[in-house]
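This report describes a single protein chain from its overall make-up down to individual residues. Please keep the sequence and the model at hand while reading.

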Amino acid sequence: MEKWHRFLGVRPGETKAVGLFFAHNFLLGTGTILVYVAANVLLLAHRPERNLPLAYCVGALAMMAAGRLYAHYEHHLLLRQLAVRALLAAAVLTLVLGLLLWLGPSVAVAVAVMTGYRLIYLLTNLEFWGMSAVVFNVRQGRRLFGVISSGDLPAKALGAVLAVFVHAHNELYVLLLTAFGTYLLALLVQRATFRAQAVEARPGPARAFRPGPPPLVRQFLGSSPLVRSMGFSLAALAAVAVGVEYFFFVNVKHKLQDQANVLQYVGGVLALTYLLALLFKLLFARYGLDRLGVRRALAVLPLAALAGIGLFGALRAAHVGLAAQMLYFGGLYLVLEVLRRALFEPVFLVLFQPLTPPERLEGHTLAKGFYEPLGLATGGLLLLALHRAPALNQWVPFVWMGGLLLGALFLLRRTYRSYLDELKDALGLRFTQSPGPGASAADARPVLENNAAGPGPDEALLAVERLREDGPAALLEHADDLLKHPDSRVRARVLALVGPHAAAALLRRLALADPDPALREMASRWAAQRPGADDLLHHPDPAVRQGALRGRLEAAPADAQALASLAAAAASAETGPRLVALALVGYLAPEQQVAVVAAGLRGPAPALVQAAVQAAAAAPSPALIAQLI
């Protein structure tokens with residue numbers, strides 16, 4: 001079990017919270033997929049070519065209204081209270097939909113159930129985000145989100161199978177009542193999760209230096225350029241997802257007329273989809289993003305969708321039959337859904353991390369409550385406009401889907417650039433000199449503001465890790481300013497990443513002036529391997545001298561100046577030089593090792609005795625062992 005936890009990145013103190021969160025998300029996923037299956041099966045029985053797009057449009061409007069309401073209460077309630085009320089509202093809505101369906105199915109009821117599903121989807125997503133903000137801090141969220149958010153995938157696979165089984169023995173309304181029961185259980189797990197954690201997450205202050213957009217733009221589109229570019233790219237991809245889902249369900253309905261057969265096929269495809277998504281997500285969540293990188297990970301979904309649409313053109317030219325088309329649309333839906341759930345959504349949530357907590361919460365609410373419904377409404381309107389022209393409806397949607405995917409790729413590139421800008425802001429980089437005419441923004445001079453309102457160490461460390469994924473050049477470009485950060489942990493991490501490539505003058509400045517001895521030693525180690533650093537080998541500061549000697553002897557074990565300085569340190573009567581010699585005892589000759597360790601063990605300072613014991617363990621030559629015995 002410990003190996004499994006290490007693989008997933010779960011630390012010992014987090015096991016209970018992660019387990020409860022996984023169980024909570026499992027119950028949410030089970031209920032949501034039951035409502036989803038019931039809504040689609042009901043709509044497929046009532047002119048799906050018209051009613052599916054109509055339900056998309058009505059559902060999008062309802063989501064936008066609910067998103068605005070949620071955003072209003074987000075500023076007036078604690079996240080814990082808001083998460084409880086959102087889940088309670090989803091449970092009550094599910095019960096109401098079940099009662100409507102029990103009274104008798106109709107077109108209006110079918111559209112109402114699909115609209116209700118969209119609202120439940122929105123509320124459970126916002127509730128999940130609010131809970132994660134309460135239970136986990138920013139760095140925990142980045143590390144654990146792939147694990148805790150994967151709980152809904154096996155639940156949805158199980159729910160799809162359960163939907164087939166329940167419908168074989170009962171009416172569709174039983175699916176909704178079962179979903180209501182899962183939401184009640186999720187409420188109980190939610191309470192247990194909140195009791196298990198001790199700290200209430202509260203949003204911190206927004207960065208005061210950000211120039212704000214006009215109030216109307218900020219209210220509806222978000223205050224951050226990153227949120228706006230993310231949102232429009234999400235809207236484009238949501239519109240494409242609507243088109244793929246529409247053609248998948250309509251082709252299933254044309255091939256399989258009976259409701260039971262439709263439910264069995266849809267349930268089977270959904271179960272397979274979510275099982276594959278779970279496997280892929282668990283494999284990708286821990287190590288995949290670091291290896292693939294944010295920029296490439298963002299492009300995978302739109303590129304795969306473009307390839308799928310190109311394949312449709314080839315199939316259409318080959319005049320394939322209805323069975324082959326159903327197989328194609330089922331495969332396209334499966335692949336894109338797996339990529340969206342397992343790859344795109346976790347990476348998309350990573351993009352929120354450089355934002356301040358208020359901006360992060362606002363951005364996620366806008367993404368789910370405005371931009372995604374905007375894409376849903378766009379796709380629904382385009383499909384609805386063509387439902388009276390069956391011939392055009394066979395190929396025109398693929399033209400606008402291809403155009404939206406190309407637009408999404410462009411917007412995602414802008415999103416990535418905005419993301420890098422936010423990372424630099426999170427690291428405290430400020431551009432105080434405007435570039436001259438004809439100069440680029442990169443020509444502005446960045447400086448690091450060391451003030452109390454600046455970014456905290458956790459935020460800055462997270463930004464360093466994300467900026468590192470863009471390659472060493474991204475950190476080297478601002479290394480001089482990053483290494484002035486007031487927190488030594490940030491400076492140490494940056495120096496460890498850029499040290500071998502940093503300029504000699506920068507390393508020398510750190511070695512001689514940084515207040516942290518460990519950082520002075522690290523910088524001196526790198527600086528001593530550059531020309532013109534011989535004076536560091538004899539520096540009176542033990543940290544500088546130790547780092548310089550280690551760096552020089554690592555690069556050139558026979559260096560005469562370094563060996564002479566080390567021998568002088570070993571023969572010194574002062575505590576500082578003797579500690580340096582004991583730390584580097586492995587570079588001394590055996591007889592020198594015996595002398596310096598024996599002298600340290602007899603030394604008057606406790607630090608010398610401790611260092612001598614450590615040196616004896618680090619370099620146990622036969623002569624030294626014999627002397628100690």
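What percentage of the residues in the protein chain are buried? Of the 629 residues in the protein chain, 53% are buried, where buried stands for under 20% relative accessible area, exposed for over 50% and partly exposed for what lies in between, with a 1.4 Å probe and protein chains only. The model is a predicted one, in which local features need pLDDT of at least 70 and side-chain atom pairs count only at pLDDT 80 or more, while totals for chains, interfaces and linings use all residues. Residues are numbered from 1 along each chain as its sequence is written, and side-chain values use heavy atoms, with hydrogens and water left out.

**Overall make-up**

The protein chain has 28 helices and two strands, these being DSSP runs numbered from the N terminus, with helices (H or I) of at least four residues and strands (E) of at least two. If a contact is taken as heavy atoms within 4.5 Å, then 78% of the contacts in the protein chain between residues at least 6 apart in sequence join residues at least 24 apart. The accessible surface of the protein chain comes to about 26900 Å², with 65% of that belonging to carbon and sulfur atoms; the areas come from the Shrake-Rupley method with a 1.4 Å probe, and for residues only the protein chains shown count as cover.

**The cavity**

The structure holds one cavity of 30 Å³ or more, and the volume of the largest cavity is about 940 Å³. A cavity is here a set of points, on a 1 Å grid over the protein atoms alone, where a 1.4 Å probe fits but cannot get out, and lining residues have an atom within 4 Å of a point; grid points are joined across faces, edges and corners, and a volume is the space filled by probe spheres set on the points. There are 48 residues lining the largest cavity, and those closest to its centre are Y121, R340, R341, E345 and K368. Helices that each supply at least two residues of this lining include α2 (15–44), α5 (107–135) and α14, while the largest share, ten residues, comes from α13. By class, the lining has 30 nonpolar, seven polar and eleven charged residues, with Ala, Val, Leu, Ile, Met, Phe, Trp, Tyr, Cys and Pro counted as nonpolar, Asp, Glu, Lys and Arg as charged, and the others, Gly among them, as polar.

**Aromatic pairs**

Rings of Phe, Tyr and Trp (its six-membered ring) pair if their centres lie within 6.5 Å, and planes under 30 degrees apart count as stacked, over 60 as edge-to-face and the rest as tilted. By this rule the count is 18 aromatic pairs. One of them is the edge-to-face pair of F232 and Y371, with 5.2 Å from centre to centre and 75° between the planes. This pair links distant parts of the chain, since F232 lies in helix α10 (residues 225–255) and Y371 in helix α14 (residues 357–386), 139 residues apart. F232 is partly exposed, at 36% relative accessibility, whereas Y371 is buried, with a relative accessible area of 0%. Ring pairs also link Y36, Y117, Y121, F248, F249, Y265 and Y333 into a cluster.

G603 lies in the loop between α26 (590–601) and α27 (606–618), whereas L303 is in helix α12 and V113 in helix α5. Their relative accessible areas are tabulated below.

| Residue | Relative accessible area | Class |
|---|---|---|
| G603 | 12% | buried |
| L303 | 47% | partly exposed |
| V113 | 1% | buried |

Leaving aside residues up to four places away in sequence, G603 touches R578, L608 and V609, and V113 touches A39, L42 and L97. The C-alpha atoms of L303 and A408, 105 residues apart along the chain, are separated by 9.9 Å.

Key:
On a 1 Å grid over the protein atoms alone, a cavity is a set of points where a 1.4 Å probe fits but cannot get out, and a pocket is an open set with protein on both sides within 12 Å along at least five of seven lines; lining residues have an atom within 4 Å of a point.
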